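Colleague: I have not seen this structure before. Could you show me how to read a few of its features?

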Amino acid sequence: MDMIESIQYQAGLIATGCWQKTSRVKLYEELGWESLSSRRSSRRLIAYHKIHSNNAPAYLSEYVLTEPPPSNCSDRYKRTFFPDCFSNWQTLDPDLKSLDPSKFKSSVIKSSRPSKKYCFNVSDRYGLKLLTCLRVEHSDLRAHRFSKNFNC
């Protein structure tokens with residue numbers, strides 16, 4: 001999973017022209033991308049909501065947990081689909097749980113995906129790269145270079 005996440009990070013660096021060691025969180029917020037781990041967890045919740053609201057095949061609904069897994073079960077089991085979704089499901093707002101699947105999906109994705117930053121109608125690719133580097137605090141400005149120990 002970390003290797004795939006690093007590929008997405010490298011793609012973000014290439015797309016923006018930022019330097020290596022740019023903050024992953026700031027880069028993803030700038031691009032409007034969500035991390036792959038948060039994408040997986042939100043998609044799991046969406047699938048679990050479909051199963052829970054009987055919009056999935058009926059044989060899946062028999063596996064939905066009604067109580068938390070026992071404390072003596074392994075961590076590997078707790079990270080599987082139904083126990084993990086059950087624990088995340090318990091933390092959701094009851095109003096959110098009662099939404100129909102399409103509204104639930106849009107609200108979960110909206111809460112996990114950052115909005116893309118406004119680019120002030122700049123159409124120059126080099127200008128966009130400079131703007132992005134300024135926003136993620138990894139530009140050629142002396143203060144940014146000093147904070148990253150890139151002093152010349």
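Modeller: Start with charged pairs. Side chains of opposite charge can pair when their charged atoms come close. In this predicted model, the side chains of lysine 26 and glutamate 137 form a salt bridge, at 2.8 Å from N to O.

Colleague: Where do lysine 26 and glutamate 137 lie in the chain?

Modeller: Lysine 26 belongs to helix H2, residues 24-31. Glutamate 137 sits in the loop between H9 and helix H10 (142-147). The two are 111 residues apart, so the pair links distant parts of the chain.

Colleague: How many salt bridges does the structure hold?

Modeller: The structure has 6 salt bridges.

Colleague: Next, helices. How do I read a packed pair?

Modeller: Two packed helices are described by the angle between their axes and the distance between the axes. Take helix H1 (residues 2-16) and H2. Their axes come within 10 Å and cross at roughly 60°. That makes H1 oblique to H2. The crossing of H1 past H2 is left-handed.

Colleague: Which residues of H1 and H2 meet?

Modeller: From H1, they are Glu5, Ser6, Gln8, Tyr9, Gly12, Leu13 and Thr16. From H2, they are Arg24, Leu27, Tyr28 and Leu31.

Colleague: At what angle do H3 and H8 pack?

Modeller: Helix H3 (residues 36-52) and H8 pack at about 165°, and their axes are 10 Å apart. H3 is therefore roughly antiparallel to H8. H3 passes H8 in a right-handed crossing. On the H3 side, the contact is made by Ser42, Arg43, Leu45, Ile46, His49 and Lys50. H8 brings Pro101, Phe104, Lys105, Val108, Ile109 and Ser112.

Colleague: And how are H3 and H6 placed, roughly parallel or roughly perpendicular?

Modeller: The angle between H3 and helix H6 (residues 81-90) is about 90°, with the axes 10 Å apart. H3 and H6 are therefore roughly perpendicular to each other. Residues of H3 in this contact include Arg44, Leu45, Tyr48 and His49. Among those of H6 are Phe81, Phe82, Phe86 and Trp89. Note that Leu45 and His49 of H3 also take part in the contact with H8.

Colleague: Last, the surface. Which residues form a nonpolar patch there?

Modeller: Tyr118, Phe120 and Val122 do. Together they have about 310 Å² of accessible area.

Colleague: Where is tyrosine 118 found?

Modeller: Look in the loop between helix H8 (101-112) and helix H9 (125-135).

Conventions: Residues numbered from 1 in each chain as written. Predicted model: local features only at pLDDT ≥ 70, side-chain atom pairs only at ≥ 80, totals over all residues. Heavy atoms only, no water. Patch = residues over 30% accessible without salt bridge, like charges linked within 9 Å, V, L, I, M, F, W, Y side chains within 5 Å. Areas by Shrake-Rupley, 256 points an atom, 1.4 Å probe, with all protein chains shown as cover. Salt bridge = Lys/Arg side-chain N within 4 Å of Asp/Glu carboxyl O. Helix = DSSP H or I, 4+ residues; strand = E, 2+ residues; numbered from the N terminus. Axes fitted to C-alpha atoms, helices over the stretch in contact; angles between N-to-C directions. Parallel < 35°, antiparallel > 145°, perpendicular 65-115°, else oblique. Left-handed = near helix turned anticlockwise from the far one by under 90°. Contact = heavy atoms within 4.5 Å.
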